[in-house]
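Please read them with the model in view.

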Amino acid sequence: MPVNAAEFTAQDHGYMQRAIDIAALGLYTTTPNPRVGCVIVRDGHVVGEGWHARAGEPHAEVHALRQAGELARGATAYVTLEPCSHHGRTPPCADALLAAGVARVIAAMRDPNPLVAGRGLARLAAAGVAVASGLLQAQALAQNAGFISRMVRQRPWLRLKTACSLDGRTALANGESKWITGAAARADVQRWRARSCAMLTGIGTVLADDPQLTVRDFPVERQPLRVVLDRELRTPPSAKLLAMPGVLLFTAAQDATRQAALRERGAEIVMLPVAGNRLPLAMVLAALAQRGCNEVMLEAGATLAGSALRAGLVDELLLYQAPVLLGDPGRGVASLELASMQDKLVPRVIERRMLGDDLRTHMLFTPYEHLLASAKEAA
């Protein structure tokens, strides 16, 4: 079903790009489902468009078919992810496409969900529909890296965000860090938070900064889950992050009194074993995947950031650098002790952008094509 890229026409590319663009309309709302767009074309004209907005609501194909009506018969459907073939909260999209009489379906990529995994395209092909996949699959994967990660690796896509000075300091020696970056950079962070399923931090950050870990000054329908690694359960019941529901505390502490006080404030507590005097971050991520978390944003101090980097669990890095100097005693980005230059971590830079006076460098430790290879292996 995948075809040589040369077999796709310029028009095919244009229509699939449109499908990817409208899939982005669900960037902040589709979790735990993937972001999907669909464009239906007949005789060189777009007759229907749709995108998936929320879990439990109609999928992109259904919206596009409704808009196309009878014009869908004999048309080509461009969809950013393989049409589903199973009954979930909604009926199979492959069946809807067949009932509408489309003649051709092009998917940007196959769905690594074990419930689909090629079955949607196979069902269409068996019914006589011309099918193909692989058109702009890299872009489609980047749009759904979290969902793909959860399906093929059973853990969310972990995005580390940090803000630092020109000399690589995230705070003064006394812990003061507000604000290193300017308003434009802080607003950009809120957009990244908004697309995340969960915000992850450590108890050190909670005690030092008392963060809310919420999305602010940006319209959202839901707040991300707020997750704290708190081995000794030192989170104070007065912490700002407990001001609204949706807090998950991972701990090894058996203290019933502390647990009761935090549960009374609405926190959910999950017990974990201690590994090397720390809570096992890999187990935390696996637990979040089981809760349907696709993208997790890590905002933490140097200790937890360093642990995540050393463990190879960070997939993406957002580094905001302000044109200021904080001096040698200031706190660093991540606690890393490397024996030689050969041990250095080298993420791939994919974008640099100025936000006011600050520079945001967007980097990948897990290239999207590597995740795509994992998805192919899973399929």
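1. A residue is called buried under 20% relative accessible area, exposed over 50%, and partly exposed in between. The model is predicted. With a relative accessible area of 40%, Arg291 is therefore partly exposed.

2. Arg291 forms a salt bridge with Glu268, their side chains meeting at 2.6 Å, N to O. This pair links distant parts of the chain: Glu268 belongs to strand β11 (residues 267-271), while Arg291 sits in the loop between α10 (281-290) and β12 (295-298), 23 residues apart. Glu268 is partly exposed, at 38% relative accessibility.

3. A salt bridge also joins the side chains of Glu49 and Arg18 (2.8 Å, N to O). Glu49 is in strand β2 (residues 45-51) and Arg18 in helix α1 (residues 10-23), so the contact ties together parts 31 residues apart in sequence. Glu49 has a relative accessible area of 23% and is partly exposed; Arg18 is partly exposed at 37%.

4. Some charged residues are linked in a network of salt bridges: Arg35, Arg159, Arg195, Glu295 and Glu316. Across the whole structure, a search finds 23 salt bridges.

Conventions: Residues are numbered from 1 along each chain as its sequence is written. This is a predicted model: local features need pLDDT of at least 70, side-chain atom pairs count only at pLDDT 80 or more; totals for chains, interfaces and linings use all residues. Side-chain values use heavy atoms; hydrogens and water are left out. A salt bridge is a side-chain nitrogen of Lys or Arg within 4 Å of a carboxyl oxygen of Asp or Glu. Helices (H or I, at least four residues) and strands (E, at least two) are DSSP runs, numbered from the N terminus. Buried means under 20% relative accessible area, exposed over 50%, partly exposed in between (1.4 Å probe, protein chains only).
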